[in-house]
Amino acid sequence: MTPSPSAACRIRPATPLLLLLLPLLLLLARPAPGAADDPEPAPPREDAAAVRALLRDGTILPGPVTLDGGTVEVGGRALPREALRKVVFDRAAAAQATAGESGAEAAQGRRLDGDERAEFELWNAQAEEMASRNPDANYLVLLDRIEHRLRGDGTRESRSRYILKVRKEQAKQFARLVRWFVEGRSRVSFPRARCLKPGGLLLEMDPASPRVSTPATDASTFIKYQMISGMIPGVEIGDILDIEVLEEETNPFKKEFWFPQMYFQSAEPARRADALFAVPEAMRLHFTRRNIPDGAGPHESVEGGERIYRFALENLPPYVAEPLDPDYADITPFVQASLFRGWKPVTDWVGAMWAENARPSEKLAAATRELVKGCRTDAEKVAAIYHYVQREIRYVIVKGDMSTLWGSWPADTIRDQKFGCCVDKAQVMSAMLAAAGIRSTPVAINAGARRLDPEIATLSITHAISRVELDGKILYLDSTGYNHRFPHHAGMNHGREAVVPELSGLEAVPLPAPEGNAVRYRFDMKFSPDGALALARRGVFTGDEEAMRRGYWKSVREDEYARVFAGVANELAPGAALGKFGVEHCHDLDGPFATVFDCAWNDYGKRAGDLLVVPLPNAEFDFPEAALAARKYPIQYESVNLREFVYAFAWEKGRLEPAFLPEARTLECAIASYATAVEPSGDGFTLTVRYTRSGTEVPVADYPAFREFTAKVARASREPLLFRVLPEEGGDAR
Amino acid sequence: MNRIVRVPLSALLMAAALLAAPAAAPADVLTLNDGRELFGDLVRLDAEGALLRTATGEIAIPAGDLLDAGLLRSYGVAGESTPAEVRDPRIAAALASPPAEAEYPNAAAVVLLDEGILAVAPDGSTVYTERIISSILKERGRDEANTIREYDPELETVTILHARAITPSGIFPADDRAVADESSHGAVPGYERERSLKCAIPESNPGAILDRAFRTARKPSPPDRPFRLVFQFGGAEPVRLARFVFRRPAGSAFDWRVRTGECALERTDTVEPDGTLVTTLEARDIPPTPGESFVPPDARAMPRVVVATATDPQALTAFYAAELARLRAELPGAAAAASAFAGGTPAGRTGAVALHDAFVRDILLAPVPMEHYSLLPSRPAERLARKMANALDKTFLYYALARAAGLPVSFCLVRTHGEGPLSEEPFSLAAFDAACLRLDLPDADGGPVWFAPLYENHRFGVLPEGWQGADALPLDGSGDVVVLPVDDARASGLDRVLTATLGADGNLAVRAVETWRGLYDAALRPLKQSSDEERLKWAEKRLADAHPKATLLEFAIDGLDDLSRDITVTTVYRVDDFAVAAGPYRLFRMPGLSRGAFAVGDPVRKRDLYWGAPEAETTRVAIRLPDGLALRHLPPPSATFRPGYAHVAGCGYSAGALLFTDRLERTALLAPRAEYPRYKAFVEAAAAFLREWTVLEAR
């Protein structure tokens with residue numbers, strides 16, 4: 001499905017913070033359209049810009065604007081230079097409505113005329129038929145259509161049409177129409193935004209009512225898009241909404257970069273979803289197609305000087321998310337087009353900017369030499385630079401247009417201001433590594449999003465990391481966060497395709513060994529016949545497991561550590577008395593992050609007559625991703641995982657004897673194993689539990705076996721120890 | 001104008017690389033149609049194009065290539081371009097002797113100065129000047145470098161006076177690249193009014209001193225948008241000096257209240273020669289607030305001063321009631337609309353409920369707080385036509401419809417718990433942040449009902465968390481503030497009844513029936529938006545949380561679409577190996593419940609305990625035991641009773657079956673920290689019961 005009419009109704013979950021750039025990337029990579037009420041608008045002339053001045057007090061004045069040194073004149077009015085913030089040469093023409101508050105729409109409504117009534121009755125009949133098959137639907141999509149059109153002059157349009165029947169409250173959100181655009185590059189209009197009541201009354205959004213605003217983003221994001229929003233009045237359950245959105249890109253930054261796409265399936269059933277991609281007849285399009293049924297397209301034709309490719313799917317079921325399912329575009333019908341095959345035009349374009357921005361100045365080179373002067377090996381140098389960039393450059397997104405959005409700021413600028421986003425930090429990495437004599441390059445990667453196609457390029461890419469040549473091997477590092485210790489990097493990159501300029505294409509980022517994303521706990525436990533337990537726990541972590549915990553503990557004030565550790569102990573069993581506690585390498589990346597604490601309980605083990613029942617702390621394995629009896633989609637983990645728990649038990653001799661201990665066992669499935677081992681040690685024994693997952697995907701066909709495996713692991717991990725309490729001399733165990 | 005030339009990419013990239021300004025010296029920026037951004041000093045701009053001066057010379061860009069031209073401003077302090085030139089003695093002292101981690105081992109930042117100066121002019125206009133200076137000690141303290149100021153553009157302007165980081169090596173001011181003026185609610189048509197100005201300061205790593213100042217100028221406040229300002233002493237990081245200065249002319253309508261709490265506030269009052277009254281409140285060395293859970297909102301706990309254009313309750317109610325009457329008159333056809341919602345003329349409680357249930361479903365709730373838009377309702381005809389309204393407008397719209405239909409409904413302004421007690425600040429319309437209604441029925445019909453017709457998932461009469469026990473002002477002319485009722489614990493919660501059979505193999509077959517009530521019901525009711533498949537997956541995931549080894553056999557959920565009924569969830573499932581085999585023994589714990597005691601690990605607390613509403617949960621589990629296994633051990637009973645909360649649980653055996661019962665109830669909304677040890681024991685006892693084992697033994 002194309003982006004839904006209301007941001008509130010998007011069916012995909014929110015993306016992580018790192019992916020905040022995605023909307024703008026999508027926006028700028030998107031096609032463009034013709035005027036709302038003019039089906040064939042004349043291409044705007046290059047010099048036909050509408051000039052506007054934005055003043056610092058928020059006032060917008062029409063041009064012309066002249067500036068000469070300290071003198072500014074706007075529309076014949078002299079202003080001090082300090083009053084002027086920005087001058088826009090708007091080739092998106094017919095300016096969007098100005099910023100301000102939405103006016104009230106005339107919600108008078110009118111009766112449908114004859115043709116309209118016939119159309120409405122047809123839709124109602126279709127909706128009735130769909131409702132009989134989907135009585136529980138939130139809304140019914142009668143038509144989900146997009147027409148992407150590339151014009152001869154390189155400008156573009158996307159015209160989307162949605163016809164849907166509102167069945168439950170939530171679907172009324174579709175009455176809110178919200179779209180983004182970039183001033184001077186694109187514009188949005190709503191040629192059709194109407195609500196058809198069951199009784200035949202039609203309510204339309206006042207075309208003058210949508211308003212433009214600068215939308216609020218979080219405190220650390222500064223990007224230049226604008227939003228237009230409007231509302232269809234009076235929408236109620238039972239109404240049919242008929243919405244057409246026209247998005248035009250009249251000033252594309254690069255004419256050959258056109259990557260239109262279509263998501264056909266939504267969270268609700270669709271009667272028909274179709275897409276049209278049109279280019280001038282002399283041009284051809286190349287497609288990536290995912291989950292498109294045979295016969296659904298592309299159907300190619302030449303009509304009126306255009307080469308047209310059509311896709312059409314009918315009777316689409318709703319997409320219902322499953323735990324840890326892959327990206328939506330990878331498991332539902334999806335197409336994306338490009339004017340060329342391969343990635344070279346993209347890698348050449350972005351590679352040139354990156355090469356320039358990642359060139360270190362002498363100042364940065366000198367600082368780098370100082371940073372690595374104590375390092376004995378290249379690996380140590382890479383680690384020092386990696387840790388420096390992570391920690392010293394704060395994550396703030398500051399973007400202007402494409403050269404800073406994709407190309408980044410120069411490395412020196414980022415290092416000087418000490419803030420930047422993923423691609424900015426990757427420039428600093430490469431610049432500093434270059435200064436240290438180590439080859440590297442920034443690369444783009446679709447972390448947490450759909451898989452990239454090696455043949456069909458796109459600019460809908462979410463993230464940027466670094467590709468480093470170290471000791472003859474390729475190493476990937478991600479300096480965006482603050483908490484990954486060399487050579488670990490965020491799991492969302494693992495196994496994904498990186499866009500590598502020097503390869504003019506893609507390269508897979510390797511998966512680490514499970515030890516690279518590990519949780520290791522050691523528990524030293526000594527208990528008494530009354531159930532009292534003295535426990536010492538030490539946890540050491542790697543990969544995301546380490547970064548996540550380090551990030552959390554960094555956010556905790558040091559005088560709150562006791563409260564948190566006491567809570568952790570009390571969660572193991574209520575009534576915990578916390579002893580010593582602490583964290584290691586929390587505020588540095590020089591060693592593995594670790595947590596340690598001692599605690600004691602009077603009744604951790606529960607007496608059951610002459611038995612003492614002792615559950616294993618932290619041992620219970622849960623697999624929410626295996627909760628469903630059956631799945632339609634694979635399980636896709638971000639990365640591999642190792643969890644190793646070592647329990648060293650000791651107890652008061654002569655008062656307790658083991659009545660039941662977990663047996664040594666090994667459970668296995670295609671991508672994971674669970675093993676327990678028991679060995680005598682000292683006064684007691686040591687139990688080792690080791691769960692290893694070396695793969696990241698469970699295909700649907702393997703799911704039943706995987707689920708059975710997880711059930712066995714869950715059961716085994718919950719087995720308590722059982723001791724028999726021996727009577728004291730002359731006493732009674734009970 | 002210089003000759004217009006087209007510049008090759010390589011030259012422009014070089015220019016960008018050389019001139020993309022370091023934070024301390026921002027340049028202007030020209031953005032070209034091809035996406036490139038060029039930095040330099042904009043010398044000239046006209047219809048022909050632009051001339052940009054760069055370090056390598058001047059570049060002329062034709063107008064046809066230009067997308068926009070930005071004039072970047074930096075937010076430094078005039079005359080202070082190096083650390084040595086900084087005049088502020090606090091900053092100079094901090095640079096000479098930075099706050100050390102040894103002095104503040106627990107802090108990520110130290111606020112050296114948190115100052116607010118409010119100046120009221122004789123015409124009622126105000127200028128509020130803030131200055132915050134902080135020293136960054138740890139990475140998490142860097143968030144101090146991002147600031148947002150929200151404002152009402154119709155009455156206020158906000159100006160960044162300066163925003164900079166100062167280190168021993170230099171001064172790094174923010175500039176326009178990281179400053180944005182945005183619409184807070186731009187995606188909510190009809191409610192776009194509030195804006196926010198935000199700013200990120202560069203170079204804010206540990207060791208940096210952040211210094212920022214803002215000025216908010218406000219026109220004289222109209223009666224429907226009175227002035228209100230809150231200055232809080234202290235926060236999440238230690239504060240060396242917090243100072244609030246209040247300057248106002250004699251006889252000003254501005255009133256103020258101070259809550260000192262445990263903070264030692266030093267007050268000085270002076271009168272300037274022109275008669276201006278100046279009050280200064282200072283607090284030094286304020287410790288940070290603890291990060292405990294279940295704490296009262298800061299507005300109820302922190303030392304603060306609130307200034308507002310005060311009024312008296314009678315005047316406010318008279319003014320507001322008159323405004324409501326005027327607005328009600330602007331809704332012709334209200335009675336018919338009410339009938340349309342209710343499916344007939346609504347009368348009595350039944351009619352009010354029918355109107356409520358249809359109204360909350362059909363009018364979309366706009367997520368814009370009243371203080372971000374208007375303290376008076378909007379024109380109801382517009383909101384009704386849109387079928388969307390924020391909380392205030394939606395409440396008023398129901399009120400207007402109900403009154404037109406003859407229902408005895410009255411309107412009340414509400415001060416929710418999140419804003420603190422009403423008595424602790426000047427009485428003002430701006431002190432209220434919500435509205436609710438009271439349906440006045442004869443006692444025979446159950447007496448008055450307080451309700452907020454807002455949420456499609458709330459049943460009639462269920463007040464949201466944070467409203468129960470809150471202050472409210474009925475517009476009945478008396479001016480008397482009332483306290484909204486607090487629900488009985490039984491009103492919100494969950495009742496579970498499990499009927500189970502344990503097999504000789506240790507498998508447990510369960511039929512569970514749950515009844516969700518009140519706010520619990522409201523939390524579950526959004527499932528009505530889901531399809532059957534989504535609900536089934538929800539049930540499977542929920543069961544897996546409780547019993548990872550379980551298999552769901554049947555599932556039904558009733559009452560989701562009917563606000564007149566509680567929601568009932570019925571599940572039938574099997575848990576393989578529920579009873580752990582350990583030699584001759586079978587062991588298990590009470591099924592269907594899990595509880596932890598994470599929140600009460602600490603032996604002591606620093607802040608009081610707070611909850612939004614009462615709650616009660618009951619669970620009853622009957623398990624038929626298999627032949628061949630004898631009962632060896634039963635969990636001991638548990639009982640804790642304290643004023644405000646109680647837990648009772650036990651397990652019995654009779655005629656081949658076990659019966660577990662567990663009841664947990666909390667009626668308290670607030671418990672002083674001195675009560676915490678007893679509350680901790682209560683929570684731990686409730687958690688401990690679920691860790692007790694039942695042991696069966698082969699006969």
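Which residues have the most contacts inside the largest nonpolar core? They are A:I232, A:F264, A:F277, A:W406 and B:F411, and the core that holds them has 130 residues. Please keep in mind that this is a predicted model. The points below begin with chain A as a whole, then turn to the cores, the helix pairs and some backbone details.

**Chain A at a glance**

- Chain A has twelve helices and 44 strands.
- Along the principal axes, the C-alpha atoms of chain A fill a box of roughly 100 × 70 × 45 Å.
- Of the 734 residues in chain A, 61% are buried.
- Take the contacts in chain A between residues at least 6 apart in sequence: 75% of them join residues at least 24 apart.

**The nonpolar cores**

- The core of 130 residues includes members from chain A, such as A:W406, and from chain B, such as B:F411.
- Helix 8 of chain B gives this core its largest share, eight residues.
- As general background, nonpolar side chains tend to be buried together in soluble globular proteins.

**A helix pair in chain B**

- Helix 4 (residues 313-329) and helix 8 (residues 391-404) of chain B have axes that come within 10 Å and cross at roughly 70°.
- That angle makes helix 4 of chain B roughly perpendicular to helix 8 of chain B.
- The crossing of helix 4 of chain B with helix 8 of chain B is right-handed.
- On the side of helix 4 of chain B, the contact is made by B:Y320, B:L324, B:L327 and B:R328; helix 8 of chain B brings B:L392, B:F396, B:Y399, B:A400 and B:R403.
- Sorted by class, this contact between helix 4 and helix 8 of chain B has seven nonpolar residues, two charged ones and no polar ones.

**Helix 5 of chain A and its two partners**

- Helix 5 (residues 362-372) of chain A packs against helix 6 (residues 378-392) of chain A at an angle of about 115°, and their axes are 9 Å apart.
- Helix 5 of chain A passes helix 6 of chain A in a right-handed crossing.
- In this contact, A:T368, A:L371 and A:V372 of helix 5 meet A:K381, A:A384, A:I385 and A:Y388 of helix 6.
- The classes in the contact of helix 5 with helix 6 of chain A are five nonpolar, one polar and one charged.
- Helix 5 of chain A also packs with helix 9 (residues 422-435) of chain A, at about 70° and with the axes 8 Å apart.
- Helix 5 of chain A is therefore roughly perpendicular to helix 9 of chain A.
- Here A:L364, A:A365, A:T368 and A:L371 of helix 5 touch A:A431, A:M432 and A:A435 of helix 9.
- This contact of helix 5 with helix 9 of chain A divides into six nonpolar residues, one polar and no charged.

**A buried alanine**

- Where is A:A329? A:A329 sits in helix 3 (residues 328-331) of chain A.
- A:A329 has a relative accessible area of 0%, so A:A329 is buried.
- Beyond its neighbours within four places in sequence, A:A329 is in contact with A:Y263, A:R290, A:N291, A:F334 and A:R450.

**Backbone details worth a look**

- For context, most residues other than glycine have a negative phi, and most peptide bonds are trans.
- A cis peptide bond, with omega about 5°, joins A:G63 and A:P64; A:P64 lies in the loop between strand 2 (60-62) and strand 3 (65-68) of chain A.
- Another cis bond runs from A:F486 to A:P487, with omega near 5°, and A:P487 lies in the loop between strand 28 (473-477) and strand 29 (497-500) of chain A.
- A:N618 is not a glycine, yet its phi is positive, about 60°; A:N618 is in the loop between strand 36 (611-614) and strand 37 (635-636) of chain A.
- Is A:N618 partly exposed or buried? A:N618 counts as partly exposed because its relative accessibility is 30%.
- B:A655, also not a glycine, has a positive phi of about 50° and lies in the loop between strand 37 (645-654) and strand 38 (657-666) of chain B.
- With 64% relative accessibility, B:A655 counts as exposed.

Conventions:
Residues are numbered from 1 along each chain as its sequence is written. Chains are lettered from A and ligands numbered from 1 in the order in which they are written. This is a predicted model: local features need pLDDT of at least 70, side-chain atom pairs count only at pLDDT 80 or more; totals for chains, interfaces and linings use all residues. Side-chain values use heavy atoms; hydrogens and water are left out. Axes are lines fitted to C-alpha atoms, for helices over the stretch in contact, and angles run from 0 to 180 degrees between N-to-C directions. Helices (H or I, at least four residues) and strands (E, at least two) are DSSP runs, numbered from the N terminus. Angles under 35 degrees count as roughly parallel, over 145 as roughly antiparallel, 65 to 115 as roughly perpendicular and the rest as oblique. A crossing is left-handed if the near helix is turned anticlockwise from the far one by less than a right angle, and right-handed if clockwise. Contact means heavy atoms within 4.5 Å. Ala, Val, Leu, Ile, Met, Phe, Trp, Tyr, Cys and Pro count as nonpolar, Asp, Glu, Lys and Arg as charged, and the others, Gly among them, as polar. A nonpolar core is a set of buried Ala, Val, Leu, Ile, Met, Phe, Trp, Tyr and Cys residues joined through side-chain atoms within 4.5 Å. Buried means under 20% relative accessible area, exposed over 50%, partly exposed in between (1.4 Å probe, protein chains only).
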